[in-house]
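Q: I have a protein model open and would like to go through it. Could we take it topic by topic?

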Amino acid sequence: MKILRISMCAAMIFSLSCEFSGCKSKKEKASAVEEEIEIVETEPGNEIKNGNFERGKKFWMMWLKTGIADQIFENGEMEIRVKDAGYYEYGIQPFYDGFAIYKGGVYKYSFDVRSTIERTFEWRLQLNGGDYHAYATAIESIGPETKRIECTFSMPEESDYTPRLVYNLGRPKGSNEKMPGHSVFFDNVRLELIDSSKVTDVIVSTETSDVNVNQIGYLPNDTKIAVVRSKKAVSGKFSVINVETNSQVFTGKLSKSKKNASSQEQTALADFSALKVPGTYKITTENNGESFAFKIGNDIYTDLLQSTIKMFNLQRCGNTTIDDKIFSHPACHTGKALVWPDKTTAIDVSGGWHDAGDYGRYVVPGAKAVADLMLTYENYPKLFAVNTNILEEIVYELDWMEKMQDKKTGGVYHKVTCADFPGVVMPQDEKEQLYLSPISTTATADFAATMAMAYRVMHSSKYKELAEKAWNYLEANPNLKKGFTNPYGITTGAYDDNQDIDEKFWALAEMYKSFKDEKYLNALKKLELEKVKPELGWREVGLYGFYALLTSNAPKDDFYKTVKAAFDKKVKREFDNIEKDAYSVSIDKNDFCWGSNMTVANNGMMFLFANSFSPDKKYIEAAKKQLNYLLGTNTTSYCFVTGFGSLSPMMPHHRPSQVLKKVMPGMLVGGPNSRLDDPFARANLIDAANAACYTDSIQCYSCNEITIYWNSPLVYLITGCIGEK
């Protein structure tokens, strides 16, 4: 094993540069205005990069809650042009991330500030999460004359590698007066460690392996390949050892060493496919250590599949008591939701699954999740003939989605959440008012698609009526704004989108497949096919529509052939990625973004779809390689499913796990994200290769959160890799 260490001591205090780029794969911190960041050095002795604003907006961001303001960078200053201070002192909050404060350190914090009016404001060096308590803070009075603020403080708490520097420029606390428009200017922001004598070594270590395998194991007839990696060329022999008897059962020679682009390592392959005898094993090498243990057997995925499905049950919301040894909770979020923005109409929308690490319920990602489970049940019915848990979860989510449809018009509300994300609490303890965000075309079209699927899978005419009502709403309102953006005052996940052609394509394809009505096929052919992206995500759902059409009774005409060609092109592109990567992951070396593990699982689904059209062992192999990657055959050495494997996430960004200090098993975390879309990632992963941009931390929500729509394609992938029995 090797130890990865982040060592910080008095002689080695460092500040990490970081780079930010937006990613469309997930929703959080929707109201933060974040800009792309370039790597720059700090001023000597200053932990704050670009504290003199010579590089304009670089590294500085702003969060708004009811306040309205512009963040302007001119003449070597940051100007916050306040138009409406809002209702909270933190309603306008310029902020800075990407530094650390170490236990025992003595710091000097200073900055210049002035305002075009006399006012007060609060500055804070604070915890970025939890209760957001301050390590150092003060309320200052300012006016037109530049004022130099200075503060010296000691850090009495544990080292914080991702604190946040903020200026609260909303309405001062305790004030009921509306402030006039004005500007506040900042310059020469500095944070200096002036006494490091009491800063002690801090070592964060994770045991990883230079020999990476699927930590769950392999079916007897599977291709079995371990990836051996090193900074230098890899060579030599390898052995397979029976862990129980400590006997050598297989030997082989490593393949020729090659540079792997996504992980920036030298890698070689250890092929032990010839070993088929059930048992528990590990790989040993001459020069690169050994692997984690794994099994070979026919039932290795049984517990994993059950746990990944049970995750949906544990994520249930509404008038149901969750019974579990650890993650039990009573009914939650049972109050009626007020329709935004009028807040006068109250509707019962209880039920469904909590979407992710927070407790919002969103139609768009919920549609993807329940669609994946329905496809699993539809395509592999024998595996669920006795165990009907998956069917029960499908019905539970569909029942909630039905409540989200407006009974008069047929349109579907986009989401139900509180106005803000909750704190770190159990679901029954989030008691703020629920709100229904406005009807959206994406939610309505996704709803129509999933209800059409439900009619086919569940054999109930109710779902046909619901799907048709939703589609009729879209047809009757052709000029509706496409997609969705968060309404003013709602800061929970937007699942935003600026187009809906792929959602409409999916809806029409499913309705044609299920209802066999030519009018839906005719409408489908009128859409601009070239604008439909062949993806299985929550934002782009075109591949669901492609699969529905290609598995329907549609005539094999030019339209059908064009869709099939687009499907095949997508399959080939991702298949080619597998051939280029030592770990056989289907992601391009430059495309590890937020939720990359969903992309891997989605691609595994797609390869299984391809096999159903044109049976070929290479597609099954490709799908299994994606499962191997998710379960440990990757450069991080993690099995990305909580509670499984020798090394799995212990600190997921998931509120019940955080509150109970126990990890809910069976959850697929987001995985490597080279775009570093959160402060912790930006502070700690700047030097990592693209495929290695992962860290197991509660604070790293862009790598380590969980979602129902990441688990759902994993359920399909596991099931497809097992195959019908």
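This is a predicted model: local features need pLDDT of at least 70, side-chain atom pairs count only at pLDDT 80 or more; totals for chains, interfaces and linings use all residues.

Q: Let us start inside. How many residues does the largest nonpolar core have, and which have the most contacts inside it?
A: The largest nonpolar core has 149 residues. Those with the most contacts inside it are Tyr301, Leu398, Met404, Met511 and Phe567.

Q: Which helix gives the most to this core?
A: That is helix 4, residues 441–458, which contributes 11 residues.

Q: What is Met511 in contact with, leaving aside its neighbours within four places in sequence?
A: Met511 is in contact with Ala448, Ala452, Ala467, Trp471, Lys516 and Tyr520.

Q: What about another core, and which residues are among its members?
A: Another core, of 42 residues, lies apart from the largest one. Its members include Ala100, Ile149, Leu165 and Tyr167.

Q: Now Ser110. Where does it lie, and is it buried or exposed?
A: Ser110 lies in strand 7, which covers residues 106–115. Ser110 counts as buried because its relative accessible area is 1%, and the cut-off for buried is under 20%.

Q: What does Ser110 touch, not counting residues up to four places away in sequence?
A: Ser110 touches Arg148, Ile149, Glu150, Asn188, Val189 and Arg190.

Q: With which side chain does the side chain of Ser110 make a polar contact?
A: The partner is the side chain of Arg148, at 2.8 Å.

Q: And how are Ser110 and Thr152 separated?
A: Ser110 and Thr152 are 42 residues apart along the chain, and their C-alpha atoms are separated by 8.7 Å.

Q: Changing topic to the backbone: which residues does a cis peptide bond join?
A: A cis peptide bond joins Trp340 and Pro341, with omega at about 10°. Pro341 lies in the loop between strand 23 (337–339) and strand 24 (346–347).

Q: What is the phi of Phe59, and where does Phe59 lie?
A: Phe59 has a positive phi of about 80°, although it is not a glycine. Phe59 lies in the loop between strand 2 (32–33) and strand 3 (60–64). Phe59 is also buried, with a relative accessible area of 1%.

Q: What about the phi of Leu676?
A: Phi of Leu676 is near 50°, a positive value in a residue other than glycine. Leu676 lies in the loop between helix 12 (655–660) and helix 13 (679–684). With a relative accessible area of 4%, Leu676 is buried.

Q: Let us turn to helix 10. How many residues does it have, and what does it reach from its first C-alpha to its last?
A: Helix 10, residues 596–613, has 18 residues and reaches 26 Å from its first C-alpha to its last. That is close to the 26 Å expected at 1.5 Å a residue.

Q: How many of the residues of helix 10 are buried?
A: Helix 10 is mostly covered, with 15 of its 18 residues buried.

Q: On to aromatic rings. How many aromatic pairs are there?
A: The count comes to 41 aromatic pairs. In one of them, the rings of Trp60 and Tyr96 have their centres 5.1 Å apart and their planes at 45°.

Q: What about the rings of Tyr547 and Phe613?
A: The rings of Tyr547 and Phe613 have their centres 5.8 Å apart and their planes at 50°, so this pair is tilted. Tyr547 is in helix 8 (residues 542–550) and Phe613 in helix 10, 66 residues apart. Tyr547 counts as buried at 7% relative accessibility, whereas Phe613 is partly exposed at 21%.

Q: Which residues do ring pairs link into a cluster?
A: Ring pairs link Tyr109, Phe111, Phe121, Trp123, Tyr167 and Phe186 into a cluster.

Q: Last topic: how many disulfides are there?
A: The count comes to 0 disulfides.

Note on methods. Residues are numbered from 1 along each chain as its sequence is written. Side-chain values use heavy atoms; hydrogens and water are left out. Helices (H or I, at least four residues) and strands (E, at least two) are DSSP runs, numbered from the N terminus. Buried means under 20% relative accessible area, exposed over 50%, partly exposed in between (1.4 Å probe, protein chains only). Contact means heavy atoms within 4.5 Å. A polar contact is a pair of N or O atoms within 3.5 Å; within protein, one must be able to donate a hydrogen and the other to accept it, and residues adjacent in sequence count only if both atoms are side-chain atoms. A disulfide is a pair of cysteine sulfur atoms within 2.5 Å. A nonpolar core is a set of buried Ala, Val, Leu, Ile, Met, Phe, Trp, Tyr and Cys residues joined through side-chain atoms within 4.5 Å. The expected span of a helix is 1.5 Å times one less than its number of residues. Rings of Phe, Tyr and Trp (its six-membered ring) pair if their centres lie within 6.5 Å; planes under 30 degrees apart count as stacked, over 60 as edge-to-face and the rest as tilted.
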